[in-house]
Every structure is written in structure tokens, then in C-alpha cells.
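Thanks for taking a look at this one with me. Please have the sequence and the model open side by side as you read.

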Amino acid sequence: MTVISRLPGAVEEEWDWQLQGACRAADSRLFFHPSGERGQAHDDRDRAAKAVCARCPVRERCLRHALATQERYGVWGGRTEEERQHMLRRRRRNRGR
């Protein structure tokens, strides 16, 4: 679950970028895997979601949001849960240097 305390406030400028997302025209199930999904089906769905993200005008903003709020599930900003976790771990390691 998203860490609620990390969500931006109720200011329109903090959220209006979502209205421009390429994902708004796609089925949300494309971005969130069903329970137990594995193997080729999982990889194919992630690839298809990332293809939508690749043409998205707010992809970077979406990724920043997902990292800042530590979104646990789904493809956000063209990155999977695992990829975002790796990015956050790398950031923490780099800060510790």
C-alpha cells in the first residue's frame, strides 16, 4: 500500500499531471498484475505497460511520484515494482557514501 504520509497535499498542481497520462486510455489491469501471475504472461503484461509509458508525456513525473510515495504495486513511469525498489535501494546506498 502507498505510504499515505508521503502523498502530496490536495493542491491541483500536485495531481493535474495525471490527466495527461497515456495510461488514462488503457485498461488499468495492464499496469497491475493479478495475484499469482508469473512467467511469460507477467513479462508480456509488463512489456505492454511499459510500451504505453514510453509514449507518455508525463512519464518522468509519474516515476517521481511513484518513488516519492513508494508505490508498492504496478508499473509507474515505465518501471515495475522491482525496478523502483532497486532504484530506491541504490539511492539509499549512494546517500550513505
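The numbered points below go through salt bridges, cysteines, helices and surface charge.

1. A word on the basis of this note. This is a predicted model, in which local features need pLDDT of at least 70 and side-chain atom pairs count only at pLDDT 80 or more, while totals for chains, interfaces and linings use all residues. Residues are numbered from 1 along each chain as its sequence is written, and side-chain values use heavy atoms, with hydrogens and water left out.

2. Let's begin with the charged pairs. Side chains of opposite charge can pair when their charged atoms come close. A salt bridge here is a side-chain nitrogen of Lys or Arg within 4 Å of a carboxyl oxygen of Asp or Glu, and the count comes to 6 salt bridges.

3. Helix α2 covers residues 39-54 and holds both D44 and R47. Helices are DSSP runs of H or I with at least four residues, numbered from the N terminus. D44 and R47 form a salt bridge, their closest N and O atoms being 2.9 Å apart. These two are 3 residues apart, about one turn of the helix. An α-helix has 3.6 residues a turn, so residues three or four places apart point the same way. D44 counts as partly exposed because its relative accessibility is 37%; the class lies between buried, under 20% relative accessible area, and exposed, over 50% (1.4 Å probe, protein chains only).

4. Which residue pairs with K50 in a salt bridge? The partner is E83, with the closest N and O atoms 2.7 Å apart. This pair links distant parts of the chain, since E83 sits in helix α4 and K50 in helix α2, 33 residues apart. E83 is partly exposed at 27% relative accessibility, and K50 is partly exposed with a relative accessible area of 27%. Elsewhere, salt bridges that share partners join E37, R45 and D46 into one network.

5. E37 is buried, with a relative accessible area of 13%, and R45 counts as buried at 9%.

6. Now the cysteines. A disulfide is a covalent bond between the sulfur atoms of two cysteines. How many disulfides does the structure hold? It holds 0, where a disulfide is a pair of cysteine sulfur atoms within 2.5 Å. For C23, the nearest cysteine sulfur is that of C56, 6.1 Å away. For C53, the nearest is that of C62, at 6.3 Å. C23 is partly exposed, with a relative accessible area of 39%, whereas C53 is buried at 9%.

7. Helix α3 spans residues 59-69, and its buried residues are C62, L63, H65, A66, L67 and T69. After α3 comes Q70, whose phi is positive, near 55 degrees.

8. Helix α4 spans residues 81-95 and includes R91, which is partly exposed with a relative accessible area of 39%. E82 also has its place in α4 and is partly exposed at 48%. The C-alpha atoms of E82 and R72 are separated by 9.0 Å, with the two residues 10 apart along the chain.
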